[in-house]
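The stops below can be selected one after another.

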Amino acid sequence: MASRYYQEMQDSFRGNNKSREFPAHTAKVHSVAWSCDGRRLASGSFDKTASVFVLEKDRLVKENNYRGHGDSVDQLCWHPTNPDLFVTASGDKTVRVWDVRTTKCIATVNTKGENINICWSPDGQTIAVGNKDDVVTFIDAKTHRSRAEEQFKFEVNEISWNNDNDMFFLTNGNGCINILSYPELKPIQSINAHPSNCICIKFDPTGKYFATGSADALVSLWNVEELACVRCFSRLDWPVRTLSFSHDGKMLASASEDHFIDIAEVETGEKLWEVQCDSPTFTVAWHPKRPLLAYACDDKEGKYDSNREAGTVKLFGLPNDS
């Protein structure tokens, strides 16, 4: 028996399954993220810039381009409670903090290596950034100075705090999830989650679950309290690159080099919907208040110039008649 929620969302997507694309960059988009109030979407690209859009009804209107990085913007995230601030992590060995009200970079923090992952603590006080040399740096969000630096002996992939802000999670190249106490950064546990590289991790907004995606093409769902695996989602065939929970915590979007994004009902694992894509998807992000999914693919521009990347941001969940 399908749940009531399942039926409601299926009905909703039947009338709202249109995807639209919006020009954002001159090269591949690596990362998309919504501000906490859902008014803005930011994207980071291989073209060394970040872009910010304002969501107006059923479309994204470009507000600004943020320049300053000397290398690819690999990941970005917004302040958890302030909808005006976001941070970018770049291969140029810096982290930049931006304010959409002034459209300026309000801080540049120098780090030791080429940065690939970034997250903001739920209390808004700390920014953590991981680099290609498996060093995670903890930056004070007020002073923009480094508070702590941890060198790991394994390949560090994605990083995240739990919602309570008292534990710090890392996914690693050996298929494990490493959990540290925070702020002490003492190892609590290492979970053997997958047989191969554990790539991404996301916590649901309710704090009940977290999900990890792996090179084995599986997404595993974990109970935060018990640190036990609740279920696996196995509809993708390629390494899982990116995950996002919907605002109510009831849907999980996962994507890979498969030419679709899988949308699952969290409580049953059933497929709720599939978003068709023409190419691999690198980043997905549910809107913090609505069933709208932002994503970016490895699109090539047109038939004639297959080398040029399109650099578009896409939005799924729009009314079919829009």
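How far apart are the end C-alpha atoms of residues 191-232, and what share of the span is helix and what share strand? The end C-alpha atoms are 15 Å apart, and the chain over residues 191-232 is 0% helix and 57% strand. Helices (H or I, at least four residues) and strands (E, at least two) are DSSP runs, numbered from the N terminus.

The model is predicted: local features need pLDDT of at least 70 and side-chain atom pairs count only at pLDDT 80 or more, while totals for chains, interfaces and linings use all residues. Residues are numbered from 1 along each chain as its sequence is written, and side-chain values use heavy atoms, with hydrogens and water left out.

**Annotated spans**

**A four-stranded sheet**

Now display S6, S7, S8 and S9. These 4 strands form an open, antiparallel sheet in the order S6-S7-S8-S9. Strand S6 (73-78) and strand S9 (104-110) are at the edges with a single partner strand each, so one side of each has no neighbour in the sheet. On average, neighbouring strands are turned by 20° against each other, direction ignored; the axes are lines fitted to C-alpha atoms, for helices over the stretch in contact, and angles run from 0 to 180 degrees between N-to-C directions.

Strands count as paired if DSSP finds at least two bridges between them. Between S7 (residues 85-90) and S8 (residues 94-99) there are 5 bridges. Zoom in on Ala89, which stands opposite Val95 in S8.

Gln75 is the next selection, in strand S6. Is Gln75 buried or exposed? Its relative accessibility is 13%, so Gln75 counts as buried; buried means under 20% relative accessible area, exposed over 50%, and partly exposed in between (1.4 Å probe, protein chains only). Its contacts (heavy atoms within 4.5 Å) include Ser31, Val87, Ala89, Ile116 and Glu158, not counting residues up to four places away in sequence.

**Backbone exceptions**

Most residues other than glycine have a negative phi, and most peptide bonds are trans. In the loop between S8 and S9, select Thr103. Its phi is near 55°, a positive value, and Thr103 is partly exposed at 35% relative accessibility. Asp134, in the loop between strand S11 (126-131) and strand S12 (135-140), has phi near 65° and is buried at 17%. Go on to Pro183, in the loop between strand S16 (176-181) and strand S17 (187-192). The peptide bond from Tyr182 to Pro183 is cis, with omega near 10°.

**Nonpolar cores**

A nonpolar core is a set of buried Ala, Val, Leu, Ile, Met, Phe, Trp, Tyr and Cys residues joined through side-chain atoms within 4.5 Å. The largest has 19 residues, of which Met251, Ile261, Ile263, Tyr295 and Phe316 touch the most other members. Elements giving two or more residues to this core include helix H1 (4-15) and strand S23 (251-255). H1 gives the most, with 4 residues. Centre on Met251 to see its contacts, among them Tyr5, Met9, Phe13, Ile263 and Trp286. Another core, of 16 residues, lies apart from this one and includes Phe22, Trp34, Leu41 and Ala285.
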